[in-house]
Amino acid sequence: MLTSKQRAYLRGIASTYETIYQVGKGGVTEAMCRDIEAALTKRELIKLKVLDNSGWTAREAADAIAEQTGADVVQVIGNKFVLFKRNEKEPVIENIPKAK
């Protein structure tokens, strides 16, 4: 679980990121979640988009993917959302504020 300071820090970093995955007509699938989990292991922070024809809201997709991958939802705005999952072995993002 992220604190508000951690979430704000990660939102700032994610603002410059490009969307790397899209949730389309097929919705959230296991194969997609495996790919997203691999991306989270490598990058720690990723931005995703929900297409209009998917039938999912960004919040629904974010919550479903976060639950299946063990990630935290950092932000949901419009049809985009950001996920974070810390890589304990090889951290990519440094200087994240500490949780109390």
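**Briefing on a predicted α/β chain**

Ser-54 is buried in this predicted model, with a relative accessible area of 9%, where buried means under 20% relative accessible area, exposed over 50% and partly exposed in between, for a 1.4 Å probe and protein chains only. Because the model is predicted, local features need pLDDT of at least 70 and side-chain atom pairs count only at pLDDT 80 or more, while totals for chains, interfaces and linings use all residues. Residues are numbered from 1 along each chain as its sequence is written, and side-chain values use heavy atoms, with hydrogens and water left out.

**Surroundings of Ser-54**

- Ser-54 is found in the loop between β2 and α3 (58–69); helices (H or I, at least four residues) and strands (E, at least two) are DSSP runs, numbered from the N terminus.
- The side chain of Ser-54 reaches the backbone nitrogen of Trp-56 at 3.1 Å.
- Once neighbours within four places in sequence are set aside, Ser-54 is in contact with Val-23, Gly-24 and Lys-25, contact being defined as heavy atoms within 4.5 Å.

**Overall fold**

- The protein chain has three helices and four strands, and read along the sequence these elements follow the pattern α-β-α-β-α-β-β.
- A compact globule of 100 residues would have a radius of gyration near 13 Å, and the protein chain agrees with this, having 13 Å; the radius is taken over C-alpha atoms, and the globule rule is 2.2 Å times the number of residues to the power 0.38.
- Along its principal axes, the C-alpha trace of the protein chain spans about 40 × 25 × 25 Å.
- Of the 100 residues in the protein chain, 38% are buried.
- Among contacts in the protein chain with a separation of 6 or more, 67% come from residues 24 or more positions apart.
- The accessible surface of the protein chain comes to about 6200 Å², and carbon and sulfur atoms account for 48% of this area, as given by the Shrake-Rupley method with a 1.4 Å probe; for residues, only the protein chains shown count as cover.

**Sheet and the helices packed on it**

- The four strands form an open sheet of mixed pairing, in the order β1-β2-β4-β3, where two strands pair if DSSP finds at least two bridges between them.
- β1 (19–23) and β3 (72–77) stand at the edges with a single partner strand each, so one side of each has no neighbour in the sheet.
- From one strand to the next, the twist averages 30 degrees; axes are lines fitted to C-alpha atoms, for helices over the stretch in contact, and angles run from 0 to 180 degrees between N-to-C directions.
- β1 and β2 pair in the parallel sense over four bridges, and Gln-22 stands opposite Lys-49 in β2.
- Helix α1 (residues 4–14) lies across β2, β3 and β4, and runs at about 60 degrees to β3.
- Helix α2 also packs on the sheet, where α2 touches β1, β2 and β4, and the direction of α2 makes about 160 degrees with that of β1.

**Residues with positive phi**

- Most residues other than glycine have a negative phi.
- Glu-44, a residue other than glycine, has a positive phi near 75 degrees; Glu-44 lies in the loop between α2 (30–43) and β2 (45–50), and counts as buried because its relative accessibility is 0%.
- Asn-95 likewise has a positive phi, of about 65 degrees, although Asn-95 is not a glycine; Asn-95 lies in the segment after β4 (80–84), and counts as exposed because its relative accessibility is 66%.

Key: Polar contact = N/O pair within 3.5 Å; in protein donor to acceptor, adjacent residues only side chain to side chain.
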